[in-house]
Amino acid sequence: MSDDHEPAALPDPATLTAEERRLHEARTGVPWRAWGPYLSERQWGTVREDYSDSEDAWSYFTHDQARSRAYRWGEDGLAGISDDKQRLCLALALWNERDPILKERLFGLTNAEGNHGEDVKEYYFYVDNLPTHSYQRYLYKYPQAEFPYAGLVAVNRARSRQELEYELIDTGVFDDGRYFDVEVEHAKAAPEDILCRVTVHNRSDRDAALHVLPTLWFRNTWSWGTGEPKPRLTRVQAACPAVRAEHHQLGALYLYAEPGAALLFCENETNTARIFGAETAGHYAKDGIGEHLLRGADTVNPAGAGTKVAAQVRLAVPAGGQAAVLVRLTRQAPDRLAAPFAGAGELIAQRRAEADEFYDAITPPAVSSDAKAVMRQALAGMLWSKQCYYFDVDRWLRERHAHPLRAPARRGGRNEAWFHMLNHDVVSMPDKWEYPWYAAWDLAFHCLPLAMVDPDFAKSQIDLMLSQGYLHPNGQMPAYEWNFGDVNPPVHAFAALFLQNLESGLGQPDLPFLQECFSRLLLNFTWWVNRKDPTGRNVFEGGFLGLDNIGVFDRSAALPTGGRLEQADGTAWMAMFSQNMLELALILAAYDETYEEFVLKFVEHFFWIAAAVDPVGEHPDEMWDDEDGFFYDVLRLPDGTGTRIKVRSLVGLLPICAATVIEARDLERYPKITERAAEFLARNRDLLTNIADPFVPGAAGRRLLSLVNEDKLRRILARMLDEERFLGPHGIRSISRWHLDHPYVLDIAGTEYRVQYEPAESTTGMFGGNSNWRGPVWFPINLLLIRALITHYRYYGDGLKVECPTGSGTMMTLYEVALELSGRLAGTFLRDSEGRRPVYGGTRLFQEDPHWRDLILFYEYFHGDNGAGLGAAHQTGWTGVVARLIQSLGQFDAASVLDDPRWPMARPYRRLAAEPVAGVTTARRARGLTEHESSR
């Protein structure tokens, strides 16, 4: 749809950055993304690798087994890269001459071992990355003392849920700088020519030795009875140690190491003697390199062949000094490449400078240097968190004898209804150690920051979740591999609409993408209406809906009272889904008038939901509590009576997120739609009493569709902006702090159910106990609240002001409140007036040490009272939206927000590669080539 506004300021083609030129080339078919950080950081303990009858994935395949046991569905490693189908992998292994095992992968606790669930017990950082992965940098901190594997397990296992986790830093292994900073850089000379430099910094005052082993191996595709040809790695003659990697799809590649490196070969196959107590078929099993290096065992192949090889180098690193190791993976054979490392330093310096150039280009000048560094690391984390996710559920169910359509079958097993799924794509992960599998609603939020650097990849992710290999034939969205059939909030229409608004600022919309999205989202919407509104009253359920332990009950389990839970958040999500579909239909109607009927359909859907949330008259069993000025879930008992569950949480704030504005020009452009919608609303005028009046024009003649009218909005914001309740120093808390001294308690048949404000980790085991929605700040919901404030501002303008913080006497417009909240969220990571970053709380090493204090971890959630990071330490995923907030803070002003006919938060800052976002067919290449395209 054309509009009256100019697209984003475009760079002159002559000033394109080098990375933008590569992005342009990628759109023309040059495979710049063919290799990237697509290796997982934990494949053990995943559902894919679980073939147990008990379905205890953590116990079936453990960290202790991982060094000796071949994986079925994927690979993991340190600072790893692979091709986009994860056939050939390159990662780092290390040994400090003290550890009992070779450090090939990150260590962490299982859900049962941690006092707050699973948790990685290592320190590593995604320092830098580019969207084509032409330059990327990773930092791993490796202790010089023996790694305390057993101590970390024992102490954490002994601690209660009321105690803090015992971290690696607490063991003292980093005291006095007795560790190595291991910096891994990858720089591409060409799409399939990758230089890797490993620089080891000795931070102690004593000389120390470190074995560095860049390791190349094939994912095991040949041991599973599928007839897959076995690839081969062989030593070849060259001026330096060299290996030829031959694969029936990839063709031939070569790994070069520096003179002096020892090439150690084995097979990526299970050591059956160690794992199963059975005779080992081959002599050189997966753990052969480690056994040879640490114990001198005869477990590497002297013939120089196998499916796994390491280039072993022992570095003597002087106190306070550094040493480096180089390897190169390339298509060029030794007869064409006499000096593989000529110009290596210059190439890495050039690519690093190009990364500086790229991030300078996408950062507004108003952004401070500290905020710019945070934004860059957030985006680097987003790009490092891409992973090749492979899971053929049909085959997996057959192999487990659990396929519901094939005998013999065990019925009632995990994911048995999802046998249609065949996933083999590069997907954005929440956290490649703690959550090394996609989570559908997380991924929708990932697309917002990803679109800042790689809008093609962002588009490909929404397209992927709605594709035939993912979306269930009945329309349900897959949640995550622990239970694909669980229910997550329906936010993919929101993400698709975000990308459309971004694209409209860069040129014309991608109609095929929008049309395909709309048809699949329509299927998903229908699933929600048919499955999650059991009474047909437009009041929705949905279970935990991603908010884990926020309720007094486990919202995904049968209620102890019987009956069902009518959910304020589930209903708000569906109201927002209706609005998003309405807007998508309105865009498409400009090109195809048949979409006009869908505009009307979703206008009606939204208003039926709005009427059900707060029906006319006083009802003690409705979601809106007029006395409290807040929304609550309703417990509907078997006898039909209902009672509000008066927990003041995000559940009651989410209804304000169901808001959109209709531009005056759209009312004029579509007179038939406008007339028919007005007739529907006039006919039901009595039901509009308790919501924003759609007949009343606001700023610029806009109309507001919102679950809340001005009075409700003011009342809800009075609670939300109260620092003694929801408004924390670093964002909106998930539960009101009021519940610290006033816990919600419900007694049912002598059993007490209780919700109390807990600003840090959860003290319950609900949903594994590894997350907490009873107090901490979560970035994605805060982002939606900021969008809601801006949306309402675009209707009310400067005429509506509220007190912020509540009780302060300071009056702000809703736009100013949105800026205030954005600033508090971004401030979580920024140095305060004392030079301390709230995200690191009282951890002195992170706050004071120059080798730690500027390395940012983007945690899963944050302490409700001080902003300290909690949960998964590398969930850049949805916490990465802070990059979007920082960029927005640097380019927004009230006038332009009020004037913008599109979503201001989707406003592009720069037109990458000086061209529109690629069409969906081209964008799909960003998540991996097809098997046919990648074969040679």
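**Exercise 1. Two backbone exceptions**

Where in the chain is Pro805 placed, and between which strands? Which peptide bond is cis, and what is its omega?

*Solution.* Step 1: find the loop. Pro805 sits between strand 31 (801-803) and strand 32 (811-813). Helices (H or I, at least four residues) and strands (E, at least two) are DSSP runs, numbered from the N terminus. The model is predicted: local features need pLDDT of at least 70, side-chain atom pairs count only at pLDDT 80 or more, and totals for chains, interfaces and linings use all residues. Residues are numbered from 1 along each chain as its sequence is written, and side-chain values use heavy atoms, with hydrogens and water left out.

Step 2: check the bond. Cys804 to Pro805 is cis, and omega is near -5°.

Step 3: look for a second exception. Asp176 is a residue other than glycine with a positive phi, near 60°. Asp176 is in the loop that joins helix 4 (149-158) to strand 8 (179-190). Most residues other than glycine have a negative phi, and most peptide bonds are trans.

**Exercise 2. Helix 14 against helix 15**

At what angle do the axes of helix 14 and helix 15 cross? Which residues make the contact?

*Solution.* Step 1: take the axes, which are lines fitted to C-alpha atoms over the stretch in contact, with angles from 0 to 180 degrees between N-to-C directions. Those of helix 14 and helix 15 (residues 596-613) come within 8 Å and cross at roughly 160°.

Step 2: classify. Helix 14 and helix 15 are therefore roughly antiparallel. The scale is: under 35 degrees, roughly parallel; over 145, roughly antiparallel; 65 to 115, roughly perpendicular; the rest, oblique.

Step 3: list the contact (heavy atoms within 4.5 Å). Helix 14 contributes Thr571, Met574, Ala575, Ser578, Gln579, Met581, Leu582, Ala585, Leu586 and Ala589. Helix 15 answers with Glu596, Phe598, Val599, Phe602, Val603, His605, Phe606, Ile609 and Val613.

Step 4: sort by class. The contact of helix 14 with helix 15 has 14 nonpolar, 4 polar and 1 charged residues. Here Ala, Val, Leu, Ile, Met, Phe, Trp, Tyr, Cys and Pro count as nonpolar, Asp, Glu, Lys and Arg as charged, and the others, Gly among them, as polar.

**Exercise 3. Two further helix pairs**

How are helix 7 and helix 8 oriented to each other? How are helix 21 and helix 24 oriented to each other?

*Solution.* Step 1: helix 7 (residues 344-361) packs on helix 8 (residues 369-384) at about 110°, with axes 11 Å apart. They are therefore roughly perpendicular.

Step 2: Arg352, Ala355, Asp356, Tyr359 and Asp360 of helix 7 meet Lys372, Arg376, Leu379, Ala380 and Leu383 of helix 8. That contact has 5 nonpolar, no polar and 5 charged residues.

Step 3: the axes of helix 21 (residues 814-826) and helix 24 (residues 881-889) come within 10 Å and cross at roughly 130°. These two are therefore oblique.

Step 4: helix 21 uses Leu819, Ser822, Gly823, Leu825 and Ala826, and helix 24 uses Val882, Leu885, Ile886 and Leu889. The classes are 7 nonpolar, 2 polar and no charged.

**Exercise 4. The largest cavity**

What is the volume of the largest cavity? Which helix gives the largest share of its lining?

*Solution.* Step 1: search the whole structure. The search finds 14 cavities of 30 Å³ or more.

Step 2: take the largest cavity, with a volume of about 430 Å³. Its lining has 29 residues, and Asn501, Glu583, Pro901, Arg902 and Trp903 are the closest to the centre.

Step 3: assign elements. Two or more lining residues come from each of helix 12 (492-504), helix 14 (568-589), strand 25 (659-662), helix 17 (664-669) and helix 20 (779-796). Helix 12 gives the largest share, 6 residues.

Step 4: the lining divides into 16 nonpolar, 5 polar and 8 charged residues.

Step 5: recall the terms. On a 1 Å grid over the protein atoms alone, a cavity is a set of points where a 1.4 Å probe fits but cannot get out; a pocket is an open set with protein on both sides within 12 Å along at least five of seven lines; lining residues have an atom within 4 Å of a point. Grid points are joined across faces, edges and corners, and a volume is the space filled by probe spheres set on the points.
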